[in-house]
Amino acid sequence: MKKLLVAAALIALSGQAFANEDADVAKKVYNQAFGRGCGACHDVSPNPNLVKNINEGTLDEKKFAEVVKEGRGGMPKAIGAIMAVPAVQKAGLTEDQIIDVLYKYLKHKK
Ligand code: HEC
């Protein structure tokens, strides 16, 4: 029983470490993609505020992934620039994984 509890605690802990690492990779993407980061445009109005739109429910993950992959209007196709961020390559994330991680990071970004 004790062994089981220790194993469960270890699994819980490693899950958390993984989540923190993911958030770190997402932060690097937000700050480094395209050389100047997503924030160079998205932290400036009138460009869409991604954090606000995600939390207000007007930008779901499907639409987020679509715009990141295809671009839209003044928004350049971004998936190539995202995959080129060294932290993404180091973490070995796929396109869909980094999009998911980035979406979750933005949802909780202050
Ligand atoms: C050169 C400036 C610029 C950069 C850099 C940029 N974006 Fe954008 N983005 C825009 C503009 C402008 C729009 C609005 C496009 C439109 O609807 O015409 C937009 C729209 C979006 C949308 C849709 C928002 C919504 O609420 O519908 C997403 C998602 C998005 N960008 C993600 C990103 C991510 C992720 C990055 C970094 C990898 C990034 N953008 C980098 C300019 C930029």
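Reply: Happy to! One term comes first: two residues are in contact when they have heavy atoms within 4.5 Å of each other. Among contacts in the protein chain between residues at least 6 apart in sequence, 60% join residues at least 24 apart. Please keep in mind that this is a predicted model.

The protein chain has seven helices and zero strands, so its elements, read from the N terminus, run α-α-α-α-α-α-α by the DSSP assignment. Along the principal axes, the C-alpha atoms fill a box of roughly 60 × 30 × 20 Å. Of the 110 residues in the protein chain, 33% are buried.

The ligand sits in the largest pocket. Helix 2 (39-42), helix 3 and helix 4 are the elements that give two or more residues to the shell around the ligand. Helix 4 gives the most to that shell, with four residues. There are 24 residues around the ligand, and Cys-38, Cys-41, His-42, Arg-72 and Met-75 come nearest.

Which polar side-chain atoms face the ligand's own atoms? An N or O atom in the side chain of His-42 is 2.7 Å from a nitrogen atom of the ligand. A polar side-chain atom of Arg-72 lies 2.8 Å from an oxygen atom of the ligand. For Asn-53, an N or O atom of the side chain is 2.9 Å from an oxygen atom of the ligand.

His-42 belongs to helix 2. Is this residue buried or exposed? The relative accessible area of His-42 is 12%, and the cut-off for buried is under 20%, so His-42 counts as buried. Leaving out residues up to four places away in sequence, His-42 touches Tyr-30, Pro-48, Asn-49, Leu-50 and Met-75. Met-75 is also among the residues that come nearest to the ligand.

Two of those neighbours lead us onward. Tyr-30 and Leu-50 are also in contact with Leu-106, whose partners beyond four places in sequence include Val-51, Ile-54, Asn-55 and Phe-64 as well. Leu-106 is in turn part of the largest nonpolar core, which has 29 residues; Leu-106, Val-29, Phe-64, Ile-82, Ile-98 and Leu-102 are those with the most contacts inside it. Helix 1 (2-32), helix 3 (50-56), helix 4 (61-70), helix 5 (79-83), helix 6 (86-91) and helix 7 (95-108) each give two or more residues to this core. Helix 7 gives the most, with seven residues.

Finally, look at the loops on either side of helix 2. Most residues other than glycine have a negative phi, and most peptide bonds are trans. In the loop between helix 1 and helix 2 you will find Phe-34, and the phi of Phe-34 is near 65 degrees, a positive value. Phe-34 is partly exposed, with a relative accessible area of 36%. In the loop between helix 2 and helix 3 you will find Pro-46. A cis peptide bond joins Ser-45 to Pro-46, with omega about 10 degrees.

Conventions: Residues numbered from 1 in each chain as written. Predicted model: local features only at pLDDT ≥ 70, side-chain atom pairs only at ≥ 80, totals over all residues. Heavy atoms only, no water. Core = buried A, V, L, I, M, F, W, Y, C linked by side-chain atoms within 4.5 Å. Buried < 20%, exposed > 50% of the residue type's maximum accessible area, 1.4 Å probe, protein only. Near = heavy atom within 4 Å. Polar contact = N/O pair within 3.5 Å; in protein donor to acceptor, adjacent residues only side chain to side chain. 1 Å grid on protein atoms, 1.4 Å probe; cavity = no way out; pocket = protein on both sides within 12 Å on 5 of 7 lines; lining within 4 Å. Sits in = over half its atoms within 2 Å of the grid points.
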